[in-house]
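Subject: Model handover

Hello,

Here is the model for your files. Please open it alongside this note.

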Amino acid sequence: MKLSNNTILITGGTSGIGFEMVQQFYNLDNKLIVTSSNQHNLDKLKIQFPKIETIVCNLANFSSVLYFINECSTRYNDINIVINNAGIQHNYDWIEEKDGYKKIDDEIRINLISPFQIIYGLLPILISKKNSAIVNISSGLAFAPKKSAPIYCSTKAAVHNGTRALRYQLENTNIKVFEIIPPLVDTKMTTGRGQGKISTKQLVDEFLDNFKKDKLESSIDKVKILRIIQRLFPKLADKIMKNRG
Ligand SMILES: NC(=O)c1ccc[n+]([C@@H]2O[C@H](COP(=O)([O-])OP(=O)(O)OC[C@H]3O[C@@H](n4cnc5c(N)ncnc54)[C@H](OP(=O)(O)O)[C@@H]3O)[C@@H](O)[C@H]2O)c1
């Protein structure tokens, strides 16, 4: 994929990995449409990057997602790259937790259902372009889960497998299906937990290097070794990841 002169939709561009994507793609002369659930965060982002377009969308809410897809289809039908970045992670003890129903629902909608609905809804636009791309973000936790976040780990395993299946479906089209598989990254999501985090810049630099070479699956940094361990010594991989922060 070329790194400039694209029209890119980025979900969750107001923070962390999404923010770094916005910054790097903006500086590479792309048109960006950025979404998050918070108008104030988007307004702040627009001050920093005046040429971006912003739309509020709560990915936990189906009506909001449908509205968002319709807006993109009518106002931005030049989109040729969709980056499904937004995500949340709840860490909790299932025996102690009092708000489990909502947490389970939100995590599955934001991390899994909405990204695939956005892809489905925007496929007519993507398929009409010469070179298009879908970029999904899973996690090293797709390969070995941690005990504190059963639903998060489930959604990321599903994103990984679903991305592969979608890649098969679209392999004879103009749409390339990419996946980023990050290790622990230093963002708002991981504040106060975990060790040995990489920076968002390191992640996005490594991804962009692969993206321009059309390398469809980016296992970032320590995830490369995790996947080798998982294949050769699955019980060891489980032990390493079980009590991760
Ligand atoms: N950080 C890591 O270690 C790590 C590792 C593996 C994978 N990942 C994945 O990488 C992606 C980005 O994570 P991050 O660490 O950069 O997280 P982050 O800093 O917490 O940013 C999350 C982004 O998602 C947006 N968002 C949250 N809830 C939303 C909702 N209901 N509707 C729309 N947007 C929403 C947030 O925007 P607003 O608050 O403005 O709505 C924010 O821009 C996620 O998919 C995550 O699972 C992260």
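Below is what was found in it.

This is a predicted model: local features need pLDDT of at least 70, side-chain atom pairs count only at pLDDT 80 or more, and totals for chains, interfaces and linings use all residues. Residues are numbered from 1 along each chain as its sequence is written.

Overall fold. The chain has eight helices and seven strands. These are DSSP runs, numbered from the N terminus: helices are H or I with at least four residues, strands are E with at least two. Along the principal axes, the C-alpha atoms fill a box of roughly 45 × 40 × 35 Å.

Burial and core. Buried residues make up 38% of the 245. Buried means 20 or more other C-beta atoms within 10 Å of the residue's own; exposed means 12 or fewer; partly exposed lies in between; C-beta atoms are placed from the backbone. The largest nonpolar core has 58 residues, and Val22 and Val82 touch the most other members. Helix H4 (residues 100-127) gives the most to this core, with seven residues. Such a core is a set of buried Ala, Val, Leu, Ile, Met, Phe, Trp, Tyr and Cys residues joined through C-beta atoms within 7 Å. Beyond its neighbours within four places in sequence, Val22 is in contact with Ile10, Gly13, Leu32, Val34, Leu45, Phe49 and Ile52. Contact means C-beta atoms, placed from the backbone, within 7 Å.

Strands. Six of the seven residues in strand S6 (residues 175-181) are buried. S6 pairs with strand S5 (residues 132-137) in the parallel sense over six bridges. Pairing requires at least two DSSP bridges between the strands. Ile134 stands opposite Val177 in S6.

Ligand. The shell around the ligand has 30 residues; Gly12, Gly16, Ser36, Gly87 and Thr187 come nearest. A residue is near if its C-beta atom, placed from the backbone, lies within 6 Å. Helix H1 (residues 16-27) supplies the largest share of the shell, three residues.

Surface. Asn70 is found in helix H3 (residues 62-75). Asn70 is exposed, because 11 other C-beta atoms lie within 10 Å. Asn70 and Gly121 are 51 residues apart in sequence, yet 8.2 Å apart in space, C-alpha to C-alpha.

Best wishes

Definitions and conventions
Two residues are in contact if their C-beta atoms, placed from the backbone, lie within 7 Å.
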